[in-house]
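Me: I have a structure open and would like to go through some of its local features. Could we begin with the term we shall need for accessibility?

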Amino acid sequence: MVGLDVGGTSTRALVADLDGNHRGRGTASGGNPNSHPPEQAAAQVGKALREALTGLDPAGVRAGMLGMAGVSTLTDPAVRALFEQAWHEAGLRCPLRVASDCEVGFAAGAAERSGTALVAGTGSIAARIQDHRMVATVGGHGWLLGDEGSGFWLGREAVRAALRALEGRLPLTGLTEAVLTRALGTPPEGGWPGPDHRSTSSRLITVVNRAEPIALAGYAALVTTTAAEGDEVARDIVRRAAEQLLDLVAAARPSGGSTPVVLIGSLTAPDNPVGAALRAQLAVRYGEDVVRTATDGAAGAAWLAALDLLDEPAAAALHTRLTAG
């Protein structure tokens with residue numbers, strides 16, 4: 001079987017067998033048609049597939065799954081046709097099946113049929129998974145309307161905190177200096193915030209507003225780095241981000257359930273301050289055994305593709321081998 005994890009910045013393909021052996025891998029640039037022209041996106045998916053299938057017989061692939069955020073784009077017949085073309089030009093004869101990033105991410109972290117998936121990277125969304133399919137979502141409204149606790153949200157809060165510090169409403173801390181250096185470059189003599197706080201504030205506002213809104217996510221790492229160093233303003237932002245993400249999970253999760261919560265995305269990692277705070281709160285609310293970590297989205301997609309070929313015990317055994325490989 002073949003599984004694909006298709007994102008806006010990268011595309012990863014995995015070919016595996018029913019014993020859980022990884023037979024081939026391929027990578028390419030972003031293949032999400034929500035982020036790139038559909039022709040370009042489909043070409044990157046084809047590139048990753050061909051690389052993963054190098055030295056293998058594509059006709060021997062019995063099942064395939066493509067996981068992607070905003071997968072509804074493929075309901076457009078013209079876009080779907082481009083991806084079907086890339087699929088078949090790679091030599092595959094099995095049908096192209098698609099799933100959301102929440103579904104393949106959940107499958108990468110849990111073999112259970114149902115539970116909750118939380119994605120927290122540049123954006124954020126929680127999903128209720130039932131029988132391996134996404135049946136409800138909370139959040140995921142994009143940078144303008146939501147994405148609470150996400151990388152974008154963290155970056156925006158970092159810049160807002162810097163502006164408040166320049167106005168005297170928050171203390172000037174290492175986070176303030178980091179934001180100003182990233183936005184404005186080399187500090188003036190004497191260091192940030194410079195001799196004229198109002199001028200520095202105006203320059204920061206101008207630089208941020210001239211950039212694409214999503215560029216605010218680039219400031220997120222400043223929050224997590226300075227929080228790890230003990231910066232109190234950054235630590236407060238981290239705390240609030242974890243609370244926002246916990247709220248998404250709670251809203252998506254059926255009350256009284258004991259099914260797993262699978263964490264997906266860079267912000268949920270245990271070595272990330274946001275991820276560490278979130279995991280601690282989830283453990284208190286639901287128990288440590290409930291919290292799982294998605295490993296490889298491409299492996300999750302490959303496992304979902306294999307479900308029609310296996311009975312339940314065999315599928316559970318395959319999951320252990322495939323996602324740990």
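Reply: A residue counts as buried when its relative accessible area is under 20%, with a 1.4 Å probe and protein chains only. Please note that this is a predicted model.

Me: With that cut-off, is Asp147 buried or exposed?

Reply: Asp147 has a relative accessible area of 9%, and because the cut-off for buried is under 20%, Asp147 is buried. Its phi is positive, about 60°, although Asp147 is not a glycine.

Me: Where is Asp147 in the fold?

Reply: Asp147 lies in the loop between strand 8 and helix 4 (151-166).

Me: What about His132, and what is its phi?

Reply: His132 is not a glycine either, and its phi is positive, near 70°. The residue sits in the loop between strand 7 (124-130) and strand 8 (133-139). His132 counts as buried, at 12% relative accessibility.

Me: Changing topic: which residues does the cis peptide bond join?

Reply: The cis peptide bond joins Trp192 and Pro193, with omega about 15°. Pro193 belongs to the loop between helix 5 (174-184) and helix 6 (197-210).

Me: And helix 11, how many residues does it have?

Reply: Helix 11 (residues 312-324) has 13 residues; from first C-alpha to last it reaches 19 Å, close to the expected 18 Å. At its start, a side-chain oxygen of Asp311 comes within 2.9 Å of the backbone nitrogen of Ala314.

Me: Which residues of helix 11 are buried, and what covers them?

Reply: Ala315, Leu318, His319, Leu322 and Thr323 are buried in helix 11. Their cover includes strand 2 (10-16), strand 3 (22-29), helix 3 (101-109) and helix 10 (297-306).

Definitions and conventions:
Residues are numbered from 1 along each chain as its sequence is written. This is a predicted model: local features need pLDDT of at least 70, side-chain atom pairs count only at pLDDT 80 or more; totals for chains, interfaces and linings use all residues. Side-chain values use heavy atoms; hydrogens and water are left out. Helices (H or I, at least four residues) and strands (E, at least two) are DSSP runs, numbered from the N terminus. The expected span of a helix is 1.5 Å times one less than its number of residues. Buried means under 20% relative accessible area, exposed over 50%, partly exposed in between (1.4 Å probe, protein chains only). Contact means heavy atoms within 4.5 Å. A polar contact is a pair of N or O atoms within 3.5 Å; within protein, one must be able to donate a hydrogen and the other to accept it, and residues adjacent in sequence count only if both atoms are side-chain atoms.
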